[in-house]
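Here's a quick briefing to read with the structure open. Have a look at the fold yourself before going through the points.

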Amino acid sequence: MSLKDKYDVVIVGSGPAGAGAAKALSGSGLETLIVERDKLPRYKMCSGIVFPSSRKFIEDHFGDLPKSLMCNPEIVKGNRVCAAIGSPIMDVPFSVFDEGDDLEEEGFNTWRAELDYWLCSETDAELVDNCRFDHFDRDGQDYVLKLRHLDQEVSVRAKYLIGADGTLSRVRRTAFPGFEKSVGLLPNYEEIYEGNIDLEPGWLYLFMDRSVTGYFATVFHKDDKVVVVTGVQQRESVKDYFAAFRNHLERDHGLVVKSEAARHGIVLTDMSARKNYCLGKDSLLLVGEAGGFLRGGEGITSSIISGNAAGEAVLESTKSGKPALEHFTDLASEEMETCNRVHANLSEAMGFNVFMRE
Ligand SMILES: Cc1cc2nc3c(=O)[nH]c(=O)nc-3n(C[C@H](O)[C@H](O)[C@H](O)COP(=O)(O)OP(=O)(O)OC[C@H]3O[C@@H](n4cnc5c(N)ncnc54)[C@H](O)[C@@H]3O)c2cc1C
């Protein structure tokens, strides 16, 4: 697909944050482009649980999730938490967190590649993959974006720029180079197995014991595969913790690995846990994990809602003539408070902040 020289809005990143922004702009007449670094549909390391809150938001704004996005088992009932190795595993159904929002009790089990691609396809935006944002310059009120599309350098102008490009956001690093020093990273590593484990499918198992994780470790079933993940603090070895976690699962939960289907790594940030958000400036807005929005382990919800708030903020800005950031600060404040509350509740329940282990 060939790119135009100029758009009203460019969104960098085709995850739930980018899709949420594009959905809010759909039908407005503003020419919107989503650029995605990877070839779509792209793999995203994530349990892929559409929690009841994201389920409601998606159903209200995008419609019912097609069956083709679902994994087996389709329904997720909640978390099962092992606070310390040797202690009993506790059921924590999603309904425990229902704050009276009239939510469904169960979540859905999806592959993120298909979910995110479907969400973006349900918007009016032009979606271009294999197109990496590199940096931007300012020319008057315009953002002049330097992109690398199919190995060609391309320049595109935009009146509004939305950074929805995840934890290590290049849009954030270009606009706020000094900010990165305040961001703590949590490396995560997963292996996906053909095999068996003596844990009932349909629940996300969370292991908090410090001997197997630096924040929390998970086991989850997706399409008859067993997905094992652990995360660590920035200076710890994720591979060492992963080996300890896998040994524990083999010894105490009957994990039998027939073959390894895939392995991936990713980082999370502690931005939300530290209330260290970065919302943008002028007509540049940062959404989803790029801006620091993360409701504990539930990131699809905070990303799609903050993305949507950014799209709404752009629409407000075109009417008021004020910088989009002014509107976004207002429109995103509720989601920010929700993220803060989720982290505070997690800390109270566990006795420590899971993301910082303090
Ligand atoms: C192990 C793990 C399990 C998780 N499980 C769940 C779960 O079950 N449910 C849940 O709700 N949340 C979960 N989360 C959190 C959730 O995955 C994230 O919070 C969510 O994906 C963030 O969405 P986003 O749109 O902000 O960013 P992303 O989904 O990361 O999307 C960003 C996009 O930007 C693209 N991009 C990056 N840089 C560039 C660039 N320079 N140019 C162009 N494109 C670029 C990326 O390729 C990517 O497609 C999990 C996270 C982890 C690490």
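This is a predicted model: local features need pLDDT of at least 70, side-chain atom pairs count only at pLDDT 80 or more; totals for chains, interfaces and linings use all residues.

The chain carries 8 helices and 18 strands, and its domain assignment comes out as domain 1 (6-48 + 111-182 + 272-350) and domain 2 (185-268).

**Overall build**

- For 358 residues, a compact globule would have a radius of gyration near 21 Å, so the 20 Å of this chain agrees with that.
- Along the principal axes, the C-alpha atoms take up a box of roughly 60 × 40 × 40 Å.
- Of the 358 residues in the chain, 46% are buried.
- If you take the contacts with a separation of 6 or more, 70% of them link residues 24 or more positions apart.

**Two domains**

- Domain 1 is pieced together from 6-48, 111-182 and 272-350, while domain 2 is the stretch 185-268.
- Their C-alpha centres, those of domain 1 and domain 2, sit 29 Å apart.
- Where they meet, 6 residues of domain 1 are in contact with 11 residues of domain 2.
- The side of domain 1 that touches domain 2 splits into 3 nonpolar and 3 polar residues, with no charged ones.

**Around the ligand**

- There are 40 residues around the ligand, and the ones that come nearest are Gly 13, Gly 15, Gly 166, Gly 288 and Gly 299.
- Helix 1 (16-25), strand 9 (131-139), strand 16 (256-269) and helix 6 (299-320) are the elements that each give two or more residues to this shell.
- Helix 6 is the top contributor to the shell around the ligand, giving 4 residues.
- Sorted by class, the shell around the ligand holds 16 nonpolar, 14 polar and 10 charged residues.
- Both domains take part: domain 1 and domain 2 each supply at least three residues to the shell around the ligand.

**A closer look at helix 2**

- Helix 2 covers residues 52-61, and its buried residues are Pro 52, Ser 53, Ser 54, Arg 55, Phe 57 and Ile 58.
- What do the buried residues of helix 2 pack against? Their partners are strand 3 (49-50), strand 7 (107-110) and helix 6.
- After helix 2 comes Gly 63, with a positive phi near 105°.

Note on methods
Residues are numbered from 1 along each chain as its sequence is written. The radius of gyration is taken over C-alpha atoms; the globule rule is 2.2 Å times the number of residues to the power 0.38. A residue is buried if 20 or more other C-beta atoms lie within 10 Å of its own, exposed if 12 or fewer, and partly exposed in between; C-beta atoms are placed from the backbone. Two residues are in contact if their C-beta atoms, placed from the backbone, lie within 7 Å. A residue is near a molecule or strand if its C-beta atom, placed from the backbone, lies within 6 Å of it. Ala, Val, Leu, Ile, Met, Phe, Trp, Tyr, Cys and Pro count as nonpolar, Asp, Glu, Lys and Arg as charged, and the others, Gly among them, as polar. Domain bounds come from an automatic or database domain assignment.
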